[in-house]
Amino acid sequence: MQSESSQSVRKPKKSKSTKKIKKSSNKLIMDSLNLGALSINNASDPQQKPPSSSSSSSSSSSSSCSSTDPESSSTIEMESGLMNFVQSSQNLNVGSGDSDDEDDEDDVNEDGDSSTSLPLPPSSSSSSSSSSTTTTTTTTTTATTPSSRNWSIARFNSALNSSSLPTRLQALQSLHNVVISLSSSLPPLPPLDVPPPYDPSRIVLTHKQNSMVGDMASGAHAPQWALWQKTHSTLSSQFLVDKTGEDPSVAVAAKKTTSPSPSPSPSPILSEIQQSQLQSQLQILLNGTFASVFRRFSDVSEKCRSLALSLTALLSLAAPDLTKAIPFLLPALLARYPSTSFDGSLNVFVHDLASHEAFQRGVAVARQDRSGAVHGVKAIQVVERSEEVRLLLCSAVGAVLQASFHRGSLGSLNPYFEDLVLILVSQLRDPFPLLKVKASLLLVQLLRVPQWESGAMVFATAVARASIGNMRARNAKVKIASLSLFEAAVGVPNRAKVRGAGTDAIADWVGFNPSNVLPVAAFYSSSLGTTVNALASLSQDSNPTVRGRTAAVLAFFCVCLPDRYDHHTRLLPYLVSFYTDDVEKVRVGGG
């Protein structure tokens, strides 16, 4: 640029006559602009009636042009000529922007205003009239800003896949608000509460003998097998009182007098048609945006990940059909967890593949489920660093299970049963206590689903062993949830062998070691030959709620397991010790 300027020929200075002509032209321009502003003010006078439309303004301008008044026609011609002159002077000023400093100083008029800072009128053709110019100016000044765009499925997907973080956050927040507003009027789904297979409080007995559920599974206990009625109802009077030989009419009359009058059910807020309409709208949102929402599970922003997971849980509970989204949802959830596998030969879950292979080769390392039995788990591998987001991941899995169970679509989750177990088992080692509790309770419900009983038999022993490590935690809620999980895993029915599918883990629970047997790895590390009796520490726990829950689990094992007689020698001493507890509720639970 510097070489080009050096070679260019310097323009000669303008003469004084040229400067005077330019000043006079600038003054003429200012007068014309003042005249145009005066006409605009007259047009915007509230006392005058504004033109109804642009057509009326154009008709009025044409009528004014066709008037026989010579002064008005000359005025219009002069104004249009001035407008053309202003436009031509604007073009000239833009083109000649390299004037000298002396010319710039002379271009300033007497009022101190520069010619380059003059306001320009709106562009119009040379044949347009003053009235049309005035109307156009008024319309431009009174035009309002365009209204905000409405969200659509296409716009949601475009914003969710955007590279801009504020755009993704805005789309997720807007979609989250829409789903909440639509689902708030729908009735909530009941919580996931699958009855256990060996719970006597949910079985109605109509026989005279005192056979237990384990004996009932064998089928050779009494000839009244056909009279047994299994139901999911609560404990009834038939289980406690022998009503054989009683007059049915008397029983019915007593039931009418004792049973309270049913309370009127509250009227629904929305009709079935309105609820179906809301559900169809939520289904459209789910089918149109689930792919874009699931991609946000691995977003760089924690806020985006949490919004996407909470949105997935809401849509899972509100939308009536998840079968189309499940093949995309489960892999997206599984990608947010560390690698976990299952070894069926040892019945353990493998979290460290290298250590597990070394254990199988005979290296002096602990088995996977016993790696943190003495000193605890020191470090774990996580994909999601935020504890709250990991809890939302578990909540999303629970929402999918809850919705599929209550809507009768568990068949769509059959190919992903192993993935669901691995997802929840990997969270049992998490340092976040609330996540341990939630994952344990979800595994309890997962193992009790009747349709998945054959799959639960495969993982029962491994899940029971994985829950033993959390029984030595400091948090009482974690201990209680781990006891519930251990009870459910051990009690998974193996109907072919008439036993509990996870009863092999009871020996690990009490820290059983065969006599005169010492593993070779104990010669290299003393901790490898040490077992921990988790049941003994639970029976002496300082929290009475934990002791009461331990007594209830022992009572269940000693009474309801089909193969309960094989474990009486290991469990009865601890059960009898609860008879001398200081708290009455614990003594009742043990009895």
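Leu518 counts as exposed because its relative accessibility is 53%; here exposed means over 50% relative accessible area, buried under 20% and partly exposed in between, with a 1.4 Å probe and protein chains only. You will find Leu518 in the loop between helix H21 (505-509) and helix H22 (534-539). Helices (H or I, at least four residues) and strands (E, at least two) are DSSP runs, numbered from the N terminus. Together with Val520, Phe523 and Tyr524, Leu518 forms a nonpolar patch on the surface with about 540 Å² of accessible area. Such patches are made of residues with over 30% relative accessible area and no salt bridge, nonpolar side chains (Val, Leu, Ile, Met, Phe, Trp, Tyr) being joined within 5 Å and like charges within 9 Å. The areas come from the Shrake-Rupley method with a 1.4 Å probe, and for residues only the protein chains shown count as cover.

A word on what you are looking at: this is a predicted model, in which local features need pLDDT of at least 70 and side-chain atom pairs count only at pLDDT 80 or more, while totals for chains, interfaces and linings use all residues. Residues are numbered from 1 along each chain as its sequence is written, and side-chain values use heavy atoms, with hydrogens and water left out.

Let us turn to the charged residues. The structure holds 15 salt bridges, each a side-chain nitrogen of Lys or Arg within 4 Å of a carboxyl oxygen of Asp or Glu. One of them joins Arg336 to Glu384, with the closest N and O atoms 2.9 Å apart. This pair links distant parts of the chain, 48 residues apart: Arg336 is in the loop between helix H14 (326-334) and strand E3 (341-343), and Glu384 in the loop between helix H15 (353-361) and helix H16 (387-406). Both Arg336 and Glu384 are buried.

Another salt bridge runs from Arg370 to Asp508, where the closest N and O atoms are 3.0 Å apart. Arg370 lies in the loop between H15 and H16 and Asp508 in helix H21, so this pair ties together parts that are 138 residues apart in sequence. Arg370 is partly exposed, at 39% relative accessible area, whereas Asp508 is buried, at 15%. These two also belong to a network of salt bridges that links them with Arg367, Asp369 and Arg465.

Now follow helix H16. Its 20 residues reach 29 Å from the first C-alpha to the last, close to the 28 Å expected at 1.5 Å a residue; the expected span is 1.5 Å times one less than the number of residues. Leu392 lies in this helix and is partly exposed, with a relative accessible area of 25%. Leu392 touches Ser306 and Leu309, leaving out residues up to four places away in sequence; contact means heavy atoms within 4.5 Å. Just after H16, Gly408 takes a positive phi of about 70°.

Finally, look inside. The largest nonpolar core has 104 residues, of which Val463, Phe486 and Trp509 touch the most other members. A nonpolar core is a set of buried Ala, Val, Leu, Ile, Met, Phe, Trp, Tyr and Cys residues joined through side-chain atoms within 4.5 Å. Not counting residues up to four places away in sequence, Val463 touches several residues, including Phe349, Leu443 and Leu485. Leu428, in the loop between helix H17 (417-426) and helix H18 (433-448), is buried at 4% relative accessible area. Beyond its neighbours within four places in sequence, Leu428 is in contact with residues that include Leu443 and Leu485.
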